[in-house]
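User: I am new to reading models of proteins, and I would like to work through this one step by step. Could we begin with the enclosed spaces and then turn to the open ones and to the contact between chains?

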Amino acid sequence: MASIREQHQQIVTKARSAQEITQEALDRISAVDGQLNSFLLVTGEQALAQAKAIDAKVAAGEEIGLLAGIPIAIKDNLCTQGIPTTCASKMLQNFIPPYESTVTAKLKAAGMVTVGKTNMDEFAMGGSTETSAFGKTANPWNLACVPGGSSGGSAAAVSAMECTVSLGSDTGGSIRQPAAFCGIVGLKPTYGLVSRFGLVAFASSLDQIGPFGRSVEDCAILLGAIAGYDAKDSTSLNVEVPDYTKALVPDLKGKKIGIITETMGDGLDSTVAAATHAAIEQFKALGAEVIEISCPRFRYGIAAYYIIAPSEASANLARYDGVKYGTRVENPENLLDMYNRTRAANFGPEVKRRIMIGTYALSSGYYDAYYLRAQKVRTLIKQDFEAAFEKVDVLISPTAPGAAFKLGEKTADPLSMYLNDLMTIPVNLAGLPALSLPCGFDAAGMPIGLQIIGNVLREEQMLQVAYAYEQATEWHKKSPTL
Amino acid sequence: MLNSEQVHKVALLARLQLTETEESQFAQQLSGILDYVELLNELDVDGVAPTTRAIDVSNVVRADRVKLWEGREDLLDCAPDRDGEFYRVPKIGSSEG
């Protein structure tokens with residue numbers, strides 16, 4: 001499947017119509033999604049109608065934007081007006097949003113064609129897409145492996161060419177880790193760069209929406225389309241959005257890159273370590289200076305996160321009480337019974353677990369010991385990053401300690417699943433932008449991801465480094481044989 | 001660290017009716033997670049300000065003007081049990097308050 005720019009060329013030169021491009025995506029979904037389950041809902045009819053409208057514009061000689069007629073898939077925690085938005089939870093199984101999220105409204109205005117809503121971990125809680133209430137998603141490179149999570153459906157769909165690009169959300173690594181596992185590019189922007197109006201909240205001080213693509217350029221283009229100030233999100237940053245594609249220059253002379261020492265230690269798969277070392281050599285060959293940087297408090301990230309994120313989640317998910325929307329149990333005895341049984345029957349085990357941790361951490365007598373301490377440790381982790389960015393332009397690390405694991409391998413032990421987010425979580429705690437891009441394969445032929453972390457609102461630096469690496473390597477040209 | 005009785009109390013606060021099996025399972029799993037989180041006690045956080053925002057934004061306020069939401073009917077329609085412009089719920093009193 002072609003890139004955004006190639007598909008745009010095909011449409012404007014009438015080599016192919018937007019309808020043909022959309023049909024190609026829908027045919028591919030029909031052919032492979034029975035095995036993958038990337039999609040919770042395919043909106044074929046609406047997609048073809050949207051594509052037809054673009055073709056009509058082209059036929060009438062009107063100018064169309066770069067994204068017009070390009071097929072995209074949307075994570076099912078982004079509200080789409082009139083189209084079910086379930087968060088892969090029984091709680092929202094019948095929820096049809098009465099409004100549109102800001103990001104999807106922007107994509108609609110740009111003429112993008114939405115082919116469907118993608119599978120995810122329930123309420124974005126998980127790292128493998130196995131906590132979905134509506135079935136697991138398989139990794140396109142090996143159907144016995146997880147696609148990563150929580151945005152596993154969005155990553156698998158792009159990797160398997162069921163769409164050109166997709167949107168996900170990232171609270172502790174939920175875009176970058178599935179991008180790494182599926183061999184594509186995934187980008188989490190600076191906290192506040194992209195509006196979260198209409199994103200179903202998980203952990204509000206950490207959640208960000210971002211793009212998946214098969215190239216750095218596709219992600220840069222999509223980021224430019226979704227970024228920008230929105231009065232409907234009080235954490236939205238009022239900053240000018242640059243043309244990110246201008247940063248895509250394949251030259252790293254004078255660039256300083258820091259490899260985070262703490263991410264290269266124990267527990268790292270040997271093939272991941274080797275791929276990361278090879279990437280460092282590649283950066284040097286491109287003219288960059290690479291130095292080791294220690295972030296001594298990096299390793300406390302998971303512990304801080306598993307207090308902060310569940311605490312925020314327990315508050316955010318209090319709204320699912322069976323009153324205003326979502327589902328409600330039959331014949332409740334009284335109000336309390338309705339709350340208790342509605343929530344017990346419709347939240348899955350991982351969501352319950354996180355609500356329980358958060359409720360405990362915030363409960364009377366424990367707040368200082370857990371939540372307050374975690375927020376102080378968060379400050380120390382931020383300080384480590386601030387010190388690092390005094391010395392370098394970007395930081396790098398592996399995206400995950402290993403490649404995609406087997407379905408079912410980590411479901412019995414929640415902590416082992418959490419520990420897989422070691423490299424990505426500190427970035428969310430500090431609100432920084434970061435992306436993952438392909439940098440090799442492990443012994444079993446599964447993709448390995450490299451994480452590039454930028455300073456606050458320095459997406460351009462991060463994209464330039466990623467682009468230069470991508471242009472000098474062949475990893476991104478490999479695709480799964482499905 | 002956490003026993004089933006404590007888990008039961010937290011579940012009540014979280015408005016989750018757990019089965020006995022879930023309670024004992026969560027007692028074990030939550031204890032494991034809380035043990036891991038003990039790692040945070042290695043660090044000296046005296047005098048460290050807690051992070052309240054990932055990226056600092058000064059208070060954002062909008063003009064205090066009433067604006068009607070256009071899709072009011074659609075919002076009300078999302079309710080499991082709507083009665084005109086009200087949400088119907090079962091009786092509120094119970095022994096647990």
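User: Which residues line the second largest cavity?

Analyst: This is a predicted model, in which local features need pLDDT of at least 70 and side-chain atom pairs count only at pLDDT 80 or more, while totals for chains, interfaces and linings use all residues; side-chain values use heavy atoms, without hydrogens and water. Residues are numbered from 1 along each chain as its sequence is written, and chains are lettered from A and ligands numbered from 1 in the order of writing. A cavity is a set of points, on a 1 Å grid over the protein atoms alone, where a 1.4 Å probe fits but cannot get out, and a lining residue has an atom within 4 Å of a point. By that rule the second largest cavity is lined by A:N77, A:C87, A:F123, A:A124, A:S169, A:T171, A:L199, A:V200, A:A201, A:F202 and A:D207.

User: What is the value of phi in A:F123?

Analyst: A:F123, which is among the residues lining the second largest cavity, sits in the loop between strand 3 and helix 5 of chain A, where helices (H or I, at least four residues) and strands (E, at least two) are DSSP runs numbered from the N terminus. Most residues other than glycine have a negative phi. The phi of A:F123 is instead positive, near 55°.

User: Which residues are joined by a cis peptide bond?

Analyst: Most peptide bonds are trans. Here one cis bond, with omega of about 15°, involves A:S150, a residue of the loop between strand 3 (113-118) and helix 5 of chain A. The two residues it joins are A:G149 and A:S150.

User: Which residues lie closest to the centre of the largest pocket?

Analyst: A pocket is an open set of grid points with protein on both sides within 12 Å along at least five of seven lines, and its volume is the space filled by probe spheres set on the points, which are joined across faces, edges and corners. The largest pocket holds about 1200 Å³. Of the 39 residues that line it, the closest to its centre are A:Y99, A:F197, A:G198, A:K232 and B:W69.

User: What area is buried between chain B and chain A?

Analyst: The contact, meaning heavy atoms within 4.5 Å, takes 54 residues from chain B and 67 from chain A. Buried area is the accessible area (1.4 Å probe) that two parts lose on being put together, summed over both. Carbon and sulfur atoms give 71% of the area between chain B and chain A, which is about 5300 Å².

User: Which helix gives the largest share of the side of chain B that touches chain A?

Analyst: The interface holds 3 salt bridges, each a side-chain nitrogen of Lys or Arg within 4 Å of a carboxyl oxygen of Asp or Glu, and one of them joins A:K352 and B:E22 (2.9 Å, N to O). On the side of chain B, two or more residues come from each of helix 1 (4-13), helix 2 (20-37) and helix 3 (72-77). The largest share, 9 residues, comes from helix 2 of chain B.
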